[in-house]
Amino acid sequence: MSEEHFRAAMARLAGGVVLVAAHDPDEGPRGEDVGMTATAFVSVSLDPPLVLLSVRTGSRMEELLERQPLWAASLLTDAQRQVAGRFAMKGRLSDRLLFRELPHGRGERTGAPLVDDSLAQVECRTEQRVAAGDHTLLVARVLGVALPAVEGRPLLYFQGRYRTLG
């Protein structure tokens, strides 16, 4: 099996899109917020409440989450496609500028940025890290959730593009 065939097969699996964010207290005098778009975020367990996140090993987010166990995921709506695209860009502007333009609040439990008007917001604490090929899997305990009173449809990623239901 070639890498190309494997990638083509996985592109046919639709995934929800989330903005994963954490606060890096060691960056600058006030710290800095770091974010990344992810599609590999799933529920693992109800008791205890656990989620799984896959991040590219050696990425800025993976390095931060090795030091900082607290982070959050905002489940994006189809109206937030631009947010997903901006945080997925390689060689993008600084996260500081991206967050400055993004309406968001802070998680009570994690201090991580939470995107306003997202479908749901999940605050997490990493409990286990697993090396998996070129990615690191983070198993995290859910510390709290918020369900903003927003009507919307989920943003999906399918065959290399953002999509919507319907």
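Which residue of β12 does F158 stand opposite? In this predicted model, F158 faces R161 in β12, and the two strands concerned, β11 (residues 155-158) and β12, are paired in the antiparallel sense over four bridges. The chain around them contains four helices and 12 strands. Its radius of gyration is 15 Å, close to the 15 Å that the globule rule gives for 166 residues, so the chain is as compact as a globular protein of that length.

**The chain as a whole**

- Taken along the principal axes, the box filled by the C-alpha atoms of the chain is roughly 50 × 40 × 35 Å.
- When contacts between residues at least 6 apart in sequence are considered, 62% of them join residues at least 24 apart.
- The side chains include 20 that are positive and 21 that are negative, and the centres of these two sets lie 5 Å apart.

**The sheet of β1, β11 and β12**

- Three strands make up an open sheet in the order β1-β11-β12, and their pairing is antiparallel.
- Because β1 (15-16) and β12 (161-164) each have a single partner strand, they stand at the edges of the sheet, and one side of each is left without a neighbour there.
- On the β1 side, two bridges join β1 to β11 in an antiparallel arrangement, and here G15 stands opposite Y157 in β11.
- On the β12 side, β11 and β12 form a hairpin with two residues between them, and Q159 belongs to the loop that connects these strands.
- Phi of Q159 is near 50°, a positive value in a residue other than glycine, and Q159 is partly exposed, with a relative accessible area of 41%.

**The pairing of β2, β6 and β9**

- Strand β2 (residues 18-24) and strand β6 (residues 70-75) run antiparallel and are joined by four bridges, with V18 standing opposite L75 in β6.
- Strand β6 also pairs with strand β9 (residues 120-132), again in the antiparallel sense, over six bridges.
- As a general point, the strands of a sheet pair through backbone hydrogen bonds, either parallel or antiparallel.

**Backbone features in the loops**

- Most residues other than glycine have a negative phi, and most peptide bonds are trans.
- Against that background, the peptide bond joining D47 and P48 is cis, with omega about 0°, and P48 is placed in the loop between β4 (41-46) and β5 (49-56).
- D117, which lies in the loop between β8 (113-115) and β9, has a phi near 65°, a positive value in a residue other than glycine.
- With a relative accessible area of 51%, D117 counts as exposed.

**Two residues and their surroundings**

- Is A38 buried or exposed? A38, which is found in strand β3 (residues 32-38), is buried, with a relative accessible area of 4%.
- V150 is placed in the loop between β10 (135-146) and β11, and it is partly exposed, with a relative accessible area of 23%.
- Once its neighbours within four places in sequence are left aside, V150 is in contact with D117, S118 and L119, and D117 among them is the exposed residue with a positive phi described above.
- Although V150 and T77 are 73 residues apart along the chain, the separation of their C-alpha atoms is 9.3 Å.

Methods. Residues numbered from 1 in each chain as written. Predicted model: local features only at pLDDT ≥ 70, side-chain atom pairs only at ≥ 80, totals over all residues. Heavy atoms only, no water. Pairing = 2+ DSSP bridges. Rg over C-alpha atoms; globule rule 2.2 N^0.38 Å. Contact = heavy atoms within 4.5 Å. Lys, Arg positive; Asp, Glu negative; His and termini not counted. Charge placed at Lys NZ, Arg CZ, Asp CG, Glu CD. Buried < 20%, exposed > 50% of the residue type's maximum accessible area, 1.4 Å probe, protein only.
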